[in-house]
Amino acid sequence: MNAEHIESAAELRELYRELILDHARKPRHFGQLRDATHSANGINPLCGDNLNLDLAVGDGIIRDAAFEATGCAISVASASLMTDTIIGRTDHDALQWSDRVTTSLTSEDDTDAGDLGKLAALMGVRQFPSRIKCATLAWHALRNALRHEKLPASTE
Ligand code: ZN
């Protein structure tokens with residue numbers, strides 16, 4: 001599909017849906033890291049989503065990231081998009097992304113998500129309040145991993 005042809009909100013929503021489904025079916029960076037420097041577990045009791053995140057951080061840069069998850073399509077897709085986003089960024093940058101995404105997902109008003117890049121695809125879940133925590137789970141786990149929190153990141 002040519003970018004010039006993406007005109008309507010409906011077409012955009014369809015693209016976002018495709019992106020989420022693609023990441024849910026073929027999650028990027030799925031697995032464990034043998035050289036992990038940071039790890040966190042995240043749980044979303046509401047849906048039953050469970051996620052383990054490994055990061056390999058060196059000189060303040062996230063060199064690699066991997067996750068294992070059992071859960072719904074949205075939680076897996078969000079974790080996949082998250083790892084894709086943060087690899088190669090500084091830990092500071094990654095924390096900012098975590099804040100931006102969780103704030104956008106949980107804000108009442110329809111904040112412009114234009115500068116979120118492909119992460120804007122996640123904003124579709126705002127229409128389904130019960131699924132928002134599925135989407136924020138990976139981002140909570142990211143924050144906990146970088147802060148060396150020992151307790152699981154729970155969405156509750
Ligand atoms: Zn879920």
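Axes are lines fitted to C-alpha atoms, for helices over the stretch in contact, and angles run from 0 to 180 degrees between N-to-C directions. The model is predicted: local features need pLDDT of at least 70, side-chain atom pairs count only at pLDDT 80 or more, and totals for chains, interfaces and linings use all residues. Residues are numbered from 1 along each chain as its sequence is written, and side-chain values use heavy atoms, with hydrogens and water left out.

**View 1. Helices α1 and α2 cross at roughly 90 degrees.** Helix α1 spans residues 9-25 and helix α2 residues 73-86. Helices (H or I, at least four residues) and strands (E, at least two) are DSSP runs, numbered from the N terminus. The two axes come within 8 Å. α1 and α2 are therefore roughly perpendicular to each other (angles under 35 degrees count as roughly parallel, over 145 as roughly antiparallel, 65 to 115 as roughly perpendicular and the rest as oblique). From α1, the contact (heavy atoms within 4.5 Å) uses L19, I20, H23 and A24. From α2, A73, V76, A77, S80, L81 and D84 take part. The contact residues of α1 with α2 divide into seven nonpolar, two polar and one charged. Here Ala, Val, Leu, Ile, Met, Phe, Trp, Tyr, Cys and Pro count as nonpolar, Asp, Glu, Lys and Arg as charged, and the others, Gly among them, as polar.

**View 2. Helices α3 and α4 pack at an angle of about 155 degrees.** α3 covers residues 91-106 and α4 residues 132-146, with their axes 9 Å apart. They are therefore roughly antiparallel to each other. The α3 side of the contact is D91, A94, L95, W97, S98, V101, T102, L105 and T106. The α4 side is I132, A135, T136, W139, H140, L142, R143 and L146. These residues of α3 and α4 divide into ten nonpolar, five polar and two charged.

**View 3. W139 lies in helix α4.** At 0% relative accessibility, W139 counts as buried (buried means under 20% relative accessible area, exposed over 50%, partly exposed in between; 1.4 Å probe, protein chains only). Not counting residues up to four places away in sequence, W139 touches S78, M82, T85, W97, S98, V101, T102, L119 and L122. The C-alpha atoms of W139 and R63 are separated by 17 Å. Along the chain, W139 and R63 are 76 residues apart.

**View 4. The zinc ion is coordinated by C47 (SG), D49 (OD), D49 (OD), C72 (SG) and C134 (SG).** Donors are N, O and S atoms within 2.8 Å of the metal (3.2 Å for Na, K and Ca); water is not among the atoms, so sites may look incomplete. Along the chain, the donors follow the spacing C-x1-D-x22-C-x61-C. C47 is partly exposed at 35% relative accessibility. D49 is buried at 2%.

**View 5. H29 and D59 have positive phi values.** Most residues other than glycine have a negative phi. Phi of H29 is near 60 degrees. H29 sits in the loop between α1 and β1 (38-44) and is partly exposed, with a relative accessible area of 32%. Phi of D59 is near 55 degrees. D59 is in the loop between β2 (49-58) and β3 (61-70) and is exposed, with a relative accessible area of 74%.

**View 6. G124 is found in the loop between α3 and α4.** G124 is partly exposed, with a relative accessible area of 30%. G124 and I20 are 104 residues apart in sequence. In space, G124 and I20 are 9.7 Å apart, C-alpha to C-alpha.
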